[in-house]
Amino acid sequence: MKVDCHHSAGSSRSPTWHPVGWRLVTPRTDAPWWRSGVVYQVYPRSFADADGDGVGDLEGVRQRLDHLEWLGVDAVWLSPFYRSPMADFGYDVSDFCDVDPLFGDLAGFDRLLEEAHSRGIRIVVDFVPNHSSDQHEWFQASRRSRDDPKRHWYVWRDGRGPGEPPNNWLGAFIDGGSAWTLDPATDQWYLHQFLPEQPDLNWANPEVVEAMHDVMRFWLDRGVDGFRIDVVHCIGRDPDYPDDPPPWSEIPHCASNEHPSTHAHIRGMRALAESYDGDRVLIGETALPGTRWVAPYYGRGDELHLAFNFAATHAPWDAVAWRRRVERLAEELDPRSAWPSWVLSNHDIVRHRSRYGGGEARARAAAVALLTQRGTPFLYAGEELGLEDATIPADRVVDPGGRDGCRAPIPWTSDPGHGWGPSPWLPFPPDAARRAVDAQRADPTSILHLYRRLLAARRASPALSLGALQLLDAPPGVLAWRRHQDGDERITLVHMGDRPVVVEWRGVVEVASDGVGEGDELRGHLQPDTAVVLRP
Ligand code: NOJ
(Lines give C-alpha, C1' and ligand atoms only; values in the text may rest on other atoms or scores of the structure.)
Protein backbone atom coordinates (compact mmCIF):
# COMPACT_ATOMS: atom_id res chain seq x y z
CA MET A 1 0.00 0.00 0.00
CA LYS A 2 1.32 3.43 -0.93
CA VAL A 3 1.29 5.75 2.06
CA ASP A 4 1.29 9.52 1.77
CA CYS A 5 3.64 11.14 4.29
CA HIS A 6 1.23 14.06 4.60
CA HIS A 7 -1.47 11.85 6.03
CA SER A 8 0.30 10.04 8.79
CA ALA A 9 -1.48 9.09 11.96
CA GLY A 10 -1.54 11.58 14.84
CA SER A 11 -0.05 15.05 14.85
CA SER A 12 3.36 16.37 15.75
CA ARG A 13 2.08 17.60 19.11
CA SER A 14 0.30 14.42 20.17
CA PRO A 15 2.45 11.48 19.09
CA THR A 16 1.14 7.94 19.29
CA TRP A 17 3.16 6.46 22.13
CA HIS A 18 3.51 2.74 22.46
CA PRO A 19 3.47 0.73 25.65
CA VAL A 20 6.87 0.94 27.24
CA GLY A 21 8.88 -1.43 29.36
CA TRP A 22 10.40 -0.74 32.76
CA ARG A 23 13.74 0.33 31.34
CA LEU A 24 12.13 3.15 29.42
CA VAL A 25 10.06 4.48 32.28
CA THR A 26 12.71 4.21 34.98
CA PRO A 27 15.75 6.03 33.64
CA ARG A 28 18.93 5.49 35.58
CA THR A 29 19.73 9.17 35.75
CA ASP A 30 18.38 12.49 34.60
CA ALA A 31 20.58 12.30 31.50
CA PRO A 32 18.74 11.55 28.26
CA TRP A 33 18.79 7.86 27.41
CA TRP A 34 21.07 8.34 24.43
CA ARG A 35 23.93 9.56 26.63
CA SER A 36 24.11 6.54 28.88
CA GLY A 37 22.72 4.05 26.37
CA VAL A 38 24.38 1.67 23.95
CA VAL A 39 23.04 1.62 20.39
CA TYR A 40 23.10 -1.56 18.32
CA GLN A 41 23.04 -1.21 14.54
CA VAL A 42 20.91 -3.67 12.60
CA TYR A 43 21.47 -3.86 8.86
CA PRO A 44 18.11 -5.45 8.07
CA ARG A 45 19.21 -7.37 4.97
CA SER A 46 21.83 -9.21 6.98
CA PHE A 47 20.35 -9.61 10.43
CA ALA A 48 17.67 -12.30 10.44
CA ASP A 49 15.48 -13.85 7.77
CA ALA A 50 12.00 -14.79 8.96
CA ASP A 51 10.50 -15.68 5.58
CA GLY A 52 13.42 -17.76 4.31
CA ASP A 53 14.00 -15.79 1.09
CA GLY A 54 17.67 -15.25 1.90
CA VAL A 55 17.29 -11.58 2.77
CA GLY A 56 16.74 -10.42 6.34
CA ASP A 57 13.49 -8.67 7.22
CA LEU A 58 11.73 -6.73 9.98
CA GLU A 59 9.93 -9.81 11.26
CA GLY A 60 13.36 -11.43 11.57
CA VAL A 61 14.48 -8.52 13.75
CA ARG A 62 11.36 -8.88 15.90
CA GLN A 63 11.95 -12.58 16.38
CA ARG A 64 15.50 -11.92 17.51
CA LEU A 65 14.70 -9.24 20.08
CA ASP A 66 15.41 -11.87 22.73
CA HIS A 67 19.05 -11.79 21.72
CA LEU A 68 19.22 -8.01 22.00
CA GLU A 69 17.43 -7.92 25.34
CA TRP A 70 19.68 -10.67 26.70
CA LEU A 71 22.74 -8.78 25.44
CA GLY A 72 21.49 -5.62 27.16
CA VAL A 73 21.45 -2.95 24.46
CA ASP A 74 19.39 0.20 24.98
CA ALA A 75 18.44 0.98 21.40
CA VAL A 76 18.46 -0.47 17.92
CA TRP A 77 19.30 1.64 14.90
CA LEU A 78 17.69 0.12 11.82
CA SER A 79 19.47 0.84 8.54
CA PRO A 80 16.96 1.63 5.74
CA PHE A 81 14.03 -0.71 5.20
CA TYR A 82 12.10 1.72 2.99
CA ARG A 83 10.88 1.08 -0.53
CA SER A 84 13.91 0.99 -2.76
CA PRO A 85 15.19 -0.37 -6.06
CA MET A 86 18.28 -1.34 -3.98
CA ALA A 87 20.94 0.23 -6.19
CA ASP A 88 22.59 1.17 -2.86
CA PHE A 89 20.82 -1.53 -0.85
CA GLY A 90 18.18 0.74 0.59
CA TYR A 91 20.05 4.06 0.76
CA ASP A 92 18.30 4.83 -2.55
CA VAL A 93 14.77 5.40 -1.28
CA SER A 94 11.80 5.45 -3.64
CA ASP A 95 9.21 5.99 -0.88
CA PHE A 96 10.37 7.44 2.44
CA CYS A 97 7.11 6.50 4.15
CA ASP A 98 6.68 2.86 3.33
CA VAL A 99 8.43 -0.46 3.98
CA ASP A 100 9.93 -2.31 1.04
CA PRO A 101 8.02 -5.59 0.56
CA LEU A 102 11.35 -7.40 0.83
CA PHE A 103 11.48 -6.33 4.47
CA GLY A 104 7.76 -6.56 5.35
CA ASP A 105 5.15 -3.85 5.70
CA LEU A 106 4.15 -0.97 7.94
CA ALA A 107 2.08 -3.20 10.20
CA GLY A 108 5.17 -5.37 10.68
CA PHE A 109 7.21 -2.28 11.51
CA ASP A 110 4.63 -1.26 14.12
CA ARG A 111 4.76 -4.75 15.65
CA LEU A 112 8.53 -4.58 15.86
CA LEU A 113 8.43 -1.12 17.42
CA GLU A 114 5.82 -2.10 19.96
CA GLU A 115 7.57 -5.27 20.99
CA ALA A 116 10.95 -3.54 21.22
CA HIS A 117 9.43 -0.85 23.42
CA SER A 118 7.75 -3.43 25.61
CA ARG A 119 11.20 -4.90 26.22
CA GLY A 120 12.71 -1.50 26.99
CA ILE A 121 14.58 -1.26 23.68
CA ARG A 122 14.28 1.94 21.71
CA ILE A 123 14.12 2.09 17.93
CA VAL A 124 16.04 4.65 15.90
CA VAL A 125 15.42 4.64 12.16
CA ASP A 126 17.61 5.78 9.32
CA PHE A 127 16.65 9.06 7.66
CA VAL A 128 18.18 9.69 4.23
CA PRO A 129 17.70 13.41 3.56
CA ASN A 130 20.43 14.04 1.00
CA HIS A 131 19.02 12.06 -1.89
CA SER A 132 16.22 9.85 -3.08
CA SER A 133 16.16 7.05 -5.60
CA ASP A 134 15.91 8.06 -9.24
CA GLN A 135 12.74 5.94 -9.16
CA HIS A 136 11.10 8.19 -6.53
CA GLU A 137 8.01 9.85 -7.99
CA TRP A 138 9.49 13.24 -7.08
CA PHE A 139 12.49 12.66 -9.33
CA GLN A 140 10.39 11.08 -12.06
CA ALA A 141 8.39 14.30 -12.15
CA SER A 142 11.48 16.48 -11.83
CA ARG A 143 13.20 14.98 -14.84
CA ARG A 144 10.07 15.15 -17.02
CA SER A 145 10.47 18.78 -18.09
CA ARG A 146 12.30 21.95 -17.15
CA ASP A 147 8.94 23.46 -16.12
CA ASP A 148 7.69 20.64 -13.96
CA PRO A 149 6.64 21.88 -10.48
CA LYS A 150 9.07 19.34 -9.01
CA ARG A 151 11.97 20.44 -11.22
CA HIS A 152 13.69 22.36 -8.43
CA TRP A 153 13.23 19.62 -5.88
CA TYR A 154 16.55 18.33 -7.29
CA VAL A 155 19.66 20.13 -8.55
CA TRP A 156 19.74 20.72 -12.30
CA ARG A 157 22.43 22.69 -14.10
CA ASP A 158 23.64 23.30 -17.63
CA GLY A 159 26.96 21.73 -18.54
CA ARG A 160 30.11 23.82 -19.01
CA GLY A 161 30.20 22.81 -22.61
CA PRO A 162 29.10 19.89 -24.74
CA GLY A 163 29.47 16.70 -22.68
CA GLU A 164 31.10 18.64 -19.83
CA PRO A 165 29.52 18.51 -16.37
CA PRO A 166 28.80 21.74 -14.45
CA ASN A 167 31.81 21.29 -12.14
CA ASN A 168 34.57 18.84 -11.18
CA TRP A 169 32.82 17.14 -8.24
CA LEU A 170 33.23 13.39 -8.06
CA GLY A 171 30.45 11.01 -7.03
CA ALA A 172 30.97 8.23 -4.47
CA PHE A 173 31.06 4.55 -5.45
CA ILE A 174 31.49 5.31 -9.15
CA ASP A 175 35.23 4.97 -9.51
CA GLY A 176 36.27 8.55 -10.08
CA GLY A 177 33.14 9.35 -12.09
CA SER A 178 31.44 12.74 -12.08
CA ALA A 179 28.80 13.66 -9.48
CA TRP A 180 26.65 14.89 -12.39
CA THR A 181 24.70 12.92 -14.94
CA LEU A 182 23.33 14.40 -18.16
CA ASP A 183 19.65 13.69 -18.65
CA PRO A 184 19.06 13.80 -22.41
CA ALA A 185 15.29 14.39 -22.08
CA THR A 186 15.83 17.97 -20.88
CA ASP A 187 19.51 18.33 -21.78
CA GLN A 188 20.60 19.31 -18.26
CA TRP A 189 22.79 17.64 -15.65
CA TYR A 190 21.52 16.51 -12.24
CA LEU A 191 23.67 16.30 -9.12
CA HIS A 192 24.27 13.01 -7.30
CA GLN A 193 26.98 12.96 -4.66
CA PHE A 194 26.56 9.18 -4.63
CA LEU A 195 25.37 6.87 -7.43
CA PRO A 196 23.56 8.26 -10.49
CA GLU A 197 20.56 6.32 -9.13
CA GLN A 198 20.66 8.63 -6.05
CA PRO A 199 19.87 12.18 -7.24
CA ASP A 200 20.53 14.85 -4.58
CA LEU A 201 17.48 16.59 -3.16
CA ASN A 202 17.58 20.38 -3.25
CA TRP A 203 17.33 21.55 0.36
CA ALA A 204 17.56 25.17 -0.81
CA ASN A 205 13.94 24.70 -1.88
CA PRO A 206 11.58 25.19 1.10
CA GLU A 207 9.13 22.69 -0.43
CA VAL A 208 11.77 20.00 -0.08
CA VAL A 209 12.43 20.96 3.53
CA GLU A 210 8.72 20.72 4.30
CA ALA A 211 8.35 17.39 2.50
CA MET A 212 11.30 15.92 4.38
CA HIS A 213 9.96 17.26 7.69
CA ASP A 214 6.76 15.43 6.84
CA VAL A 215 8.80 12.26 6.47
CA MET A 216 10.26 12.80 9.93
CA ARG A 217 6.80 13.46 11.38
CA PHE A 218 5.50 10.29 9.77
CA TRP A 219 7.99 8.14 11.71
CA LEU A 220 7.93 10.20 14.90
CA ASP A 221 4.15 9.90 14.94
CA ARG A 222 4.51 6.13 14.72
CA GLY A 223 6.66 6.30 17.85
CA VAL A 224 10.28 5.99 16.74
CA ASP A 225 12.87 7.21 19.24
CA GLY A 226 14.91 9.18 16.76
CA PHE A 227 16.89 9.17 13.56
CA ARG A 228 20.31 8.25 12.36
CA ILE A 229 20.70 10.85 9.62
CA ASP A 230 22.56 9.74 6.54
CA VAL A 231 25.38 12.03 5.27
CA VAL A 232 23.66 15.02 6.81
CA HIS A 233 26.68 17.27 6.14
CA CYS A 234 25.91 16.96 2.41
CA ILE A 235 22.47 18.59 2.33
CA GLY A 236 23.56 22.24 2.24
CA ARG A 237 25.66 23.12 -0.80
CA ASP A 238 27.33 26.22 -2.16
CA PRO A 239 24.70 27.63 -4.55
CA ASP A 240 27.46 28.53 -7.02
CA TYR A 241 28.60 24.91 -7.20
CA PRO A 242 32.30 25.87 -7.48
CA ASP A 243 34.97 23.35 -8.45
CA ASP A 244 36.58 21.42 -5.61
CA PRO A 245 40.19 22.58 -5.16
CA PRO A 246 43.00 20.02 -4.87
CA PRO A 247 43.40 17.76 -2.96
CA TRP A 248 39.62 17.52 -2.41
CA SER A 249 39.08 17.30 -6.15
CA GLU A 250 40.73 13.85 -6.04
CA ILE A 251 38.07 12.29 -3.80
CA PRO A 252 34.26 12.15 -3.85
CA HIS A 253 32.79 15.54 -3.10
CA CYS A 254 30.66 14.16 -0.26
CA ALA A 255 33.82 13.62 1.79
CA SER A 256 34.40 17.36 2.10
CA ASN A 257 31.07 19.09 1.39
CA GLU A 258 30.59 21.99 3.79
CA HIS A 259 28.04 24.78 3.62
CA PRO A 260 26.61 26.93 6.43
CA SER A 261 23.03 26.32 5.29
CA THR A 262 23.35 22.73 6.50
CA HIS A 263 23.41 23.99 10.09
CA ALA A 264 20.12 25.85 9.65
CA HIS A 265 18.55 22.70 8.19
CA ILE A 266 19.75 20.62 11.12
CA ARG A 267 18.37 23.18 13.55
CA GLY A 268 15.03 22.78 11.78
CA MET A 269 15.18 19.01 12.27
CA ARG A 270 16.14 19.45 15.92
CA ALA A 271 13.24 21.81 16.60
CA LEU A 272 10.91 19.30 15.01
CA ALA A 273 12.28 16.39 17.06
CA GLU A 274 11.96 18.46 20.22
CA SER A 275 8.31 19.21 19.54
CA TYR A 276 7.80 15.54 20.50
CA ASP A 277 8.10 14.11 23.97
CA GLY A 278 10.49 11.38 25.03
CA ASP A 279 14.03 12.49 24.13
CA ARG A 280 13.87 11.69 20.42
CA VAL A 281 17.46 11.66 19.27
CA LEU A 282 19.19 12.97 16.14
CA ILE A 283 22.39 11.10 15.34
CA GLY A 284 24.23 12.54 12.39
CA GLU A 285 26.49 10.79 9.99
CA THR A 286 28.93 13.63 9.36
CA ALA A 287 31.57 11.68 7.48
CA LEU A 288 34.07 14.52 7.26
CA PRO A 289 37.87 14.38 7.57
CA GLY A 290 38.19 14.83 11.34
CA THR A 291 36.72 15.80 14.70
CA ARG A 292 37.41 19.50 14.08
CA TRP A 293 35.09 19.33 11.06
CA VAL A 294 32.46 17.28 12.82
CA ALA A 295 32.15 19.21 16.11
CA PRO A 296 30.27 22.23 14.66
CA TYR A 297 27.37 19.96 13.72
CA TYR A 298 26.43 19.78 17.39
CA GLY A 299 25.69 23.51 17.09
CA ARG A 300 25.10 25.24 20.42
CA GLY A 301 23.05 22.40 21.77
CA ASP A 302 20.56 23.04 18.96
CA GLU A 303 21.77 20.76 16.15
CA LEU A 304 22.71 17.08 16.39
CA HIS A 305 22.45 15.32 19.73
CA LEU A 306 25.21 12.97 18.59
CA ALA A 307 27.54 12.94 15.61
CA PHE A 308 29.30 9.74 14.67
CA ASN A 309 32.91 9.84 15.75
CA PHE A 310 34.71 7.77 13.14
CA ALA A 311 38.14 8.57 14.61
CA ALA A 312 38.63 5.03 15.87
CA THR A 313 37.66 3.54 12.52
CA HIS A 314 40.68 5.30 11.01
CA ALA A 315 43.04 4.67 13.92
CA PRO A 316 45.44 1.73 13.85
CA TRP A 317 45.61 -0.58 16.88
CA ASP A 318 48.11 1.67 18.57
CA ALA A 319 47.95 3.30 21.99
CA VAL A 320 49.57 6.57 20.90
CA ALA A 321 47.18 6.99 17.97
CA TRP A 322 44.16 6.22 20.15
CA ARG A 323 45.31 8.55 22.89
CA ARG A 324 45.60 11.37 20.39
CA ARG A 325 42.06 10.72 19.19
CA VAL A 326 40.64 10.69 22.70
CA GLU A 327 42.39 14.00 23.43
CA ARG A 328 41.18 15.60 20.19
CA LEU A 329 37.63 14.56 20.93
CA ALA A 330 37.71 16.24 24.33
CA GLU A 331 39.36 19.38 22.91
CA GLU A 332 36.72 19.77 20.22
CA LEU A 333 33.57 18.64 22.01
CA ASP A 334 33.96 19.70 25.63
CA PRO A 335 33.83 23.44 24.91
CA ARG A 336 30.47 22.80 23.26
CA SER A 337 29.23 20.54 26.07
CA ALA A 338 28.72 18.03 23.29
CA TRP A 339 28.54 14.34 24.08
CA PRO A 340 30.86 12.05 22.06
CA SER A 341 30.10 8.78 20.33
CA TRP A 342 32.33 5.84 19.48
CA VAL A 343 32.16 3.49 16.52
CA LEU A 344 34.47 0.63 15.55
CA SER A 345 32.47 -1.02 12.77
CA ASN A 346 29.45 -0.47 10.58
CA HIS A 347 27.95 -1.51 7.26
CA ASP A 348 30.35 0.69 5.24
CA ILE A 349 33.76 -0.38 6.51
CA VAL A 350 35.75 -3.55 7.03
CA ARG A 351 34.85 -5.00 10.43
CA HIS A 352 37.37 -4.00 13.10
CA ARG A 353 38.28 -7.59 13.84
CA SER A 354 39.46 -7.94 10.21
CA ARG A 355 40.91 -4.45 10.08
CA TYR A 356 43.05 -4.72 13.18
CA GLY A 357 44.30 -8.26 12.63
CA GLY A 358 45.32 -9.84 15.89
CA GLY A 359 42.52 -12.37 16.02
CA GLU A 360 39.91 -12.73 18.70
CA ALA A 361 42.11 -11.52 21.57
CA ARG A 362 42.43 -8.11 19.95
CA ALA A 363 38.72 -7.97 19.09
CA ARG A 364 37.98 -8.65 22.77
CA ALA A 365 40.34 -5.92 23.95
CA ALA A 366 38.75 -3.54 21.41
CA ALA A 367 35.33 -4.27 22.91
CA VAL A 368 36.61 -3.14 26.31
CA ALA A 369 38.04 0.02 24.74
CA LEU A 370 34.78 0.83 22.96
CA LEU A 371 32.41 0.11 25.82
CA THR A 372 34.29 1.94 28.56
CA GLN A 373 35.17 5.09 26.60
CA ARG A 374 33.36 8.32 27.37
CA GLY A 375 30.54 8.63 24.87
CA THR A 376 27.70 6.65 23.38
CA PRO A 377 28.97 3.41 21.84
CA PHE A 378 27.55 2.05 18.61
CA LEU A 379 27.79 -1.71 18.15
CA TYR A 380 27.47 -3.15 14.68
CA ALA A 381 25.45 -6.38 14.64
CA GLY A 382 27.81 -9.32 14.73
CA GLU A 383 30.70 -7.59 16.43
CA GLU A 384 29.49 -9.16 19.68
CA LEU A 385 30.19 -12.49 17.96
CA GLY A 386 33.70 -11.43 17.00
CA LEU A 387 32.80 -11.69 13.31
CA GLU A 388 35.30 -11.00 10.57
CA ASP A 389 34.39 -9.84 7.09
CA ALA A 390 33.24 -12.58 4.73
CA THR A 391 35.32 -13.41 1.68
CA ILE A 392 33.16 -12.62 -1.32
CA PRO A 393 33.89 -14.55 -4.52
CA ALA A 394 33.91 -12.35 -7.63
CA ASP A 395 30.63 -13.78 -8.91
CA ARG A 396 28.84 -12.86 -5.68
CA VAL A 397 29.92 -9.25 -5.41
CA VAL A 398 26.80 -7.06 -5.34
CA ASP A 399 27.75 -3.72 -3.78
CA PRO A 400 29.18 -1.03 -6.08
CA GLY A 401 31.06 0.34 -3.05
CA GLY A 402 32.91 -2.91 -2.24
CA ARG A 403 31.23 -3.26 1.17
CA ASP A 404 29.78 -6.78 0.90
CA GLY A 405 32.28 -8.37 3.31
CA CYS A 406 31.00 -6.55 6.41
CA ARG A 407 27.37 -7.15 5.39
CA ALA A 408 27.55 -10.96 5.54
CA PRO A 409 24.54 -12.59 7.24
CA ILE A 410 24.60 -13.08 11.01
CA PRO A 411 24.96 -16.79 11.88
CA TRP A 412 22.29 -17.61 14.46
CA THR A 413 22.73 -21.36 14.66
CA SER A 414 25.69 -23.73 14.26
CA ASP A 415 23.96 -25.95 11.71
CA PRO A 416 24.87 -25.39 8.04
CA GLY A 417 21.90 -23.06 7.33
CA HIS A 418 22.81 -20.85 10.34
CA GLY A 419 19.13 -19.95 10.78
CA TRP A 420 18.74 -18.60 7.23
CA GLY A 421 16.85 -19.77 4.13
CA PRO A 422 18.64 -21.94 1.55
CA SER A 423 20.34 -19.08 -0.35
CA PRO A 424 21.38 -16.11 1.78
CA TRP A 425 22.09 -12.99 -0.25
CA LEU A 426 25.78 -13.04 0.72
CA PRO A 427 28.12 -15.79 1.96
CA PHE A 428 28.51 -16.25 5.73
CA PRO A 429 31.54 -14.88 7.55
CA PRO A 430 34.46 -17.21 8.35
CA ASP A 431 34.02 -19.79 11.09
CA ALA A 432 30.26 -19.20 11.16
CA ALA A 433 29.36 -22.44 12.99
CA ARG A 434 31.70 -21.71 15.89
CA ARG A 435 30.76 -18.02 16.00
CA ALA A 436 26.99 -18.61 15.78
CA VAL A 437 24.84 -17.07 18.48
CA ASP A 438 23.63 -20.42 19.86
CA ALA A 439 27.17 -21.79 20.19
CA GLN A 440 28.46 -18.68 21.91
CA ARG A 441 25.52 -18.32 24.24
CA ALA A 442 26.24 -21.83 25.48
CA ASP A 443 29.86 -20.89 26.21
CA PRO A 444 30.35 -18.45 29.11
CA THR A 445 33.94 -17.81 27.99
CA SER A 446 32.85 -16.56 24.55
CA ILE A 447 33.29 -13.02 23.24
CA LEU A 448 29.49 -12.77 23.18
CA HIS A 449 29.41 -13.20 26.96
CA LEU A 450 32.23 -10.66 27.26
CA TYR A 451 30.10 -8.06 25.46
CA ARG A 452 27.19 -8.89 27.75
CA ARG A 453 29.33 -8.48 30.87
CA LEU A 454 30.69 -5.17 29.57
CA LEU A 455 27.20 -3.86 28.86
CA ALA A 456 26.05 -4.89 32.34
CA ALA A 457 29.10 -3.29 33.96
CA ARG A 458 28.49 -0.10 32.01
CA ARG A 459 24.83 0.00 32.93
CA ALA A 460 25.55 -0.51 36.62
CA SER A 461 28.28 2.11 36.85
CA PRO A 462 27.59 5.86 36.70
CA ALA A 463 31.32 6.34 36.06
CA LEU A 464 31.31 4.11 32.98
CA SER A 465 28.04 5.28 31.51
CA LEU A 466 28.24 9.02 32.14
CA GLY A 467 31.42 9.86 33.99
CA ALA A 468 34.28 12.19 33.17
CA LEU A 469 37.40 10.73 31.57
CA GLN A 470 41.01 11.31 32.46
CA LEU A 471 43.83 9.77 30.43
CA LEU A 472 46.53 8.20 32.60
CA ASP A 473 50.26 7.78 32.07
CA ALA A 474 50.90 4.16 31.23
CA PRO A 475 53.70 1.84 30.09
CA PRO A 476 54.45 1.88 26.34
CA GLY A 477 51.71 0.22 24.32
CA VAL A 478 49.08 0.62 27.03
CA LEU A 479 46.16 3.02 26.79
CA ALA A 480 44.82 3.81 30.25
CA TRP A 481 42.05 6.04 31.50
CA ARG A 482 40.01 6.74 34.56
CA ARG A 483 36.27 7.40 34.58
CA HIS A 484 34.53 8.91 37.57
CA GLN A 485 31.11 10.17 38.55
CA ASP A 486 29.44 10.78 41.93
CA GLY A 487 32.08 8.85 43.85
CA ASP A 488 31.97 5.93 41.45
CA GLU A 489 35.24 5.18 39.69
CA ARG A 490 36.66 2.75 37.13
CA ILE A 491 40.03 2.40 35.43
CA THR A 492 40.44 0.81 32.01
CA LEU A 493 43.74 -0.56 30.74
CA VAL A 494 44.00 -1.68 27.13
CA HIS A 495 47.27 -3.22 26.01
CA MET A 496 47.78 -2.46 22.31
CA GLY A 497 51.52 -3.22 22.35
CA ASP A 498 53.38 -6.44 21.71
CA ARG A 499 55.19 -7.32 25.00
CA PRO A 500 53.83 -8.11 28.43
CA VAL A 501 54.06 -5.12 30.77
CA VAL A 502 53.96 -4.57 34.51
CA VAL A 503 51.26 -2.16 35.63
CA GLU A 504 51.03 -0.43 38.99
CA TRP A 505 47.33 0.11 39.32
CA ARG A 506 45.57 -1.91 41.95
CA GLY A 507 41.94 -2.80 42.05
CA VAL A 508 39.46 -5.57 41.55
CA VAL A 509 39.15 -6.77 37.98
CA GLU A 510 35.53 -6.17 37.10
CA VAL A 511 35.80 -7.28 33.49
CA ALA A 512 38.78 -8.86 31.74
CA SER A 513 38.87 -9.22 27.96
CA ASP A 514 40.10 -12.80 28.34
CA GLY A 515 37.78 -13.45 31.26
CA VAL A 516 40.72 -14.32 33.51
CA GLY A 517 40.78 -13.13 37.12
CA GLU A 518 37.45 -11.30 37.18
CA GLY A 519 36.52 -10.57 40.80
CA ASP A 520 40.17 -10.81 41.95
CA GLU A 521 42.81 -8.15 42.54
CA LEU A 522 44.78 -7.29 39.40
CA ARG A 523 48.02 -9.24 39.42
CA GLY A 524 50.19 -6.43 38.02
CA HIS A 525 50.93 -7.96 34.61
CA LEU A 526 49.14 -7.23 31.37
CA GLN A 527 49.54 -9.33 28.24
CA PRO A 528 49.44 -7.84 24.72
CA ASP A 529 45.93 -7.64 23.26
CA THR A 530 44.23 -7.85 26.63
CA ALA A 531 42.25 -5.25 28.51
CA VAL A 532 40.77 -4.92 31.98
CA VAL A 533 38.25 -2.75 33.74
CA LEU A 534 39.30 -2.15 37.37
CA ARG A 535 37.24 -1.08 40.34
CA PRO A 536 39.84 0.74 42.50
C1 NOJ B 1 26.20 6.57 4.02
C2 NOJ B 1 25.65 5.21 4.25
O3 NOJ B 1 26.13 4.71 5.47
C4 NOJ B 1 26.08 4.38 3.06
O5 NOJ B 1 25.80 3.02 3.24
C6 NOJ B 1 25.41 4.92 1.84
O7 NOJ B 1 25.88 4.23 0.69
C8 NOJ B 1 25.69 6.41 1.65
N9 NOJ B 1 25.56 7.15 2.87
C10 NOJ B 1 24.74 7.01 0.66
O11 NOJ B 1 23.45 7.04 1.20
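Reader: Is C234 buried or exposed?

Author: Residue C234 has 0% relative accessibility and therefore counts as buried (buried means under 20% relative accessible area, exposed over 50%, partly exposed in between, with a 1.4 Å probe and protein chains only). This is a predicted model, in which local features need pLDDT of at least 70 and side-chain atom pairs pLDDT 80 or more, while totals for chains, interfaces and linings use all residues. Residues are numbered from 1 along each chain as its sequence is written, and side-chain values use heavy atoms, without hydrogens and water.

Reader: How many disulfides are found in the whole structure?

Author: A disulfide is a pair of cysteine sulfur atoms within 2.5 Å. The search of the whole structure finds zero. For C234, the nearest cysteine sulfur belongs to C254 and is 5.2 Å away. C406 is in no disulfide either, the sulfur of C254 being the nearest at 16 Å. With a relative accessible area of 1%, C406 is buried.

Reader: Which residues touch the most other members of the largest nonpolar core?

Author: In soluble globular proteins, nonpolar side chains tend to be buried together. A nonpolar core is a set of buried Ala, Val, Leu, Ile, Met, Phe, Trp, Tyr and Cys residues joined through side-chain atoms within 4.5 Å. Here the largest core has 140 residues, and L78, F109 and W219 touch the most other members. Nine of its residues come from helix α8 (206-222), which gives the most (helices are DSSP runs of H or I, at least four residues, numbered from the N terminus). A second, separate core has 14 residues, including V501 and L522.

Reader: What does W219 touch?

Author: Contact means heavy atoms within 4.5 Å. Leaving aside residues up to four places away in sequence, the contacts of W219 include F81, Y82, D98, F109 and F227.

Reader: How many cavities of 30 Å³ or more are found?

Author: Rolling a probe the size of a water molecule over the atoms shows where empty space is left. On a 1 Å grid over the protein atoms alone, a cavity is a set of points where a 1.4 Å probe fits but cannot get out, whereas a pocket is an open set with protein on both sides within 12 Å along at least five of seven lines; lining residues have an atom within 4 Å of a point. Four such cavities are found. The largest cavity holds about 50 Å³ (a volume is the space filled by probe spheres set on the points, which are joined across faces, edges and corners). Its lining includes R351, H352, E383 and Y451.

Reader: Which residues lie nearest the centre of the largest pocket?

Author: Those are F173, E285, A287, D348 and I349, among 26 lining residues. About 710 Å³ of space lies in this largest pocket.

Terms used
Helix = DSSP H or I, 4+ residues; strand = E, 2+ residues; numbered from the N terminus.
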